Amino acid sequence: MDNNQNNSNISINNNKNNNPPITRILSHVEMGSLDKRAALEFEDEGLESPGSIAIKKPSFEVGSLSKGGSDNRSGNASSHGVLESIKIVVLSTKLNLLMIFGPIAIIVDKTSGSHGLVFLFSLLGIIPLAERLGFATEQLAFFTGPTVGGLLNATFGNATELIISIYALQNGMTRVVQQSLLGSILSNMLLVLGCAFFCGGFVITKRDQVFNKAVTTMSSGLLLMAVMGLLFPAVLHATHTELHFGKSELALSRFSSCIMLVAYAAYIFFQLKSQNNLYEPINVRQGEIPTEESSNDEEAPEISKWESIIWLSFFTAWISILSEFLVDAIEGASVTLKIPIAFISVILLPIVGNAAEHAGAVMFAMKDKLDISLGVAIGSSTQIAMFGIPFCVIIGWIMGRPMDLNFQLFETATLFIAVLVVAFMLQEGTSNYFKGLMLILCYVIVAASFFVHTDPASLKDKPPKHG
């Protein structure tokens, strides 16, 4: 009798409120506030139509895009006003406080001319610019898809090194160009990737992190091809077996550079056309449904596409200005600070230039998105080796600067051993904090070696004095 009375009361209440049956069921499941009940009702209704899931969470996960996803994402970041955009991009991190050192470097150069201070201030001023350049690239990648986004990250992540290299090449500092590009490859392969493995291993402690072995094997093959391109001119010079002394080495370097650029163009075509899902995580490529844990890590763009392009242009131009002051002060800073030019070129400059890759690779590894970390670290190394170095050889050819692929035996041997170490670390397709620690310690050994290395070839690269 009581049960019948309760059921009739429930029926009367439902008729008064005109609520559908699902509301009554949800009210028994969730006894919280009205907002929570409404959320649960929306969630249950979403089960009826697959499209409602996208409406419920219109966010974006880097590296898991579909080809048609960019249109939906473009609505997530509306255009901001100038002040709001500056607040998001410039005032969002404390690291941007270092931007003040850029104008200070220019003022010091115009007033005192102290090369040591100009070098230090320029170096400090470029660090946040390189990081913000990576941020703007990441924002633009939200609208392009995973493969193009990965290529954009690698390209603009290396923009700082390429800009510094072009200014150094213009000043006739060929060895600085060679060593800074070499240092960029070593920094990405050993330091950036090592920190990503190390930090990701400490966050994900219950298992080894997994990544796509096919992609890393192809990148390792390209890096070995680059080593081959650098090795032959160095051996040809060291053994004095040139057919035409002083000419064959340069001709071989220019020919090999053209071949390497063709190989890199084919690699880009392969990524965009044949294998356009290289930057997607393994579970997405295999058709697995993302878990709720991965859904919580989804992100949305903070600025619009055109804002990203404008900020990219601004940061690239500002880095170009500071790079000119940095390059002009390298030699004086080496004498003032008593640091070898080789150490400055191979260690200090690439660490500054790789600030964006370093932060991004570590962040993605800690989110268990190791494929993206590898795409940033190994992708940047591959791009510098197969595009950056040959590009500088061709630019030097146009400028009339004898830039070649003879990086000397010490530097070439260092690169060859580093590529072998990384290739062995990646062959299993798994990572942990111990592998990361080994890569970091390998980089420490490389840094110590260049700190005690005297480079006789750099003495020939005195920059021309400005009259």
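Buried means under 20% relative accessible area, exposed over 50%, and partly exposed in between (1.4 Å probe, protein chains only). This is a predicted model, where local features need pLDDT of at least 70, side-chain atom pairs count only at pLDDT 80 or more, and totals for chains, interfaces and linings use all residues. Residues are numbered from 1 along each chain as its sequence is written, and side-chain values use heavy atoms, with hydrogens and water left out.

**Exercise 1.** Check the length of helix α8 (residues 115–141), then its cover.

Step 1: the expected span is 1.5 Å times one less than the number of residues.
Step 2: with 27 residues, α8 should therefore span 39 Å, and its end C-alpha atoms sit 38 Å apart, which agrees.
Step 3: now the cover: 22 of the 27 residues in α8 are buried, leaving the helix mostly covered.

**Exercise 2.** Find where confidence is lowest and highest among the elements of the protein chain.

Step 1: start with the whole chain, whose mean pLDDT (the predictor's confidence in each residue, from 0 to 100) is 76, with 72% of residues at 70 or more.
Step 2: the lowest mean, 36, belongs to helix α4 (residues 51–56), and the highest, 94, to α21.
Step 3: look at residues 282–297 too: pLDDT stays under 50 there, and the model has 17 contacts (heavy atoms within 4.5 Å) for them beyond four places in sequence.

Terms used:
Helices (H or I, at least four residues) and strands (E, at least two) are DSSP runs, numbered from the N terminus.
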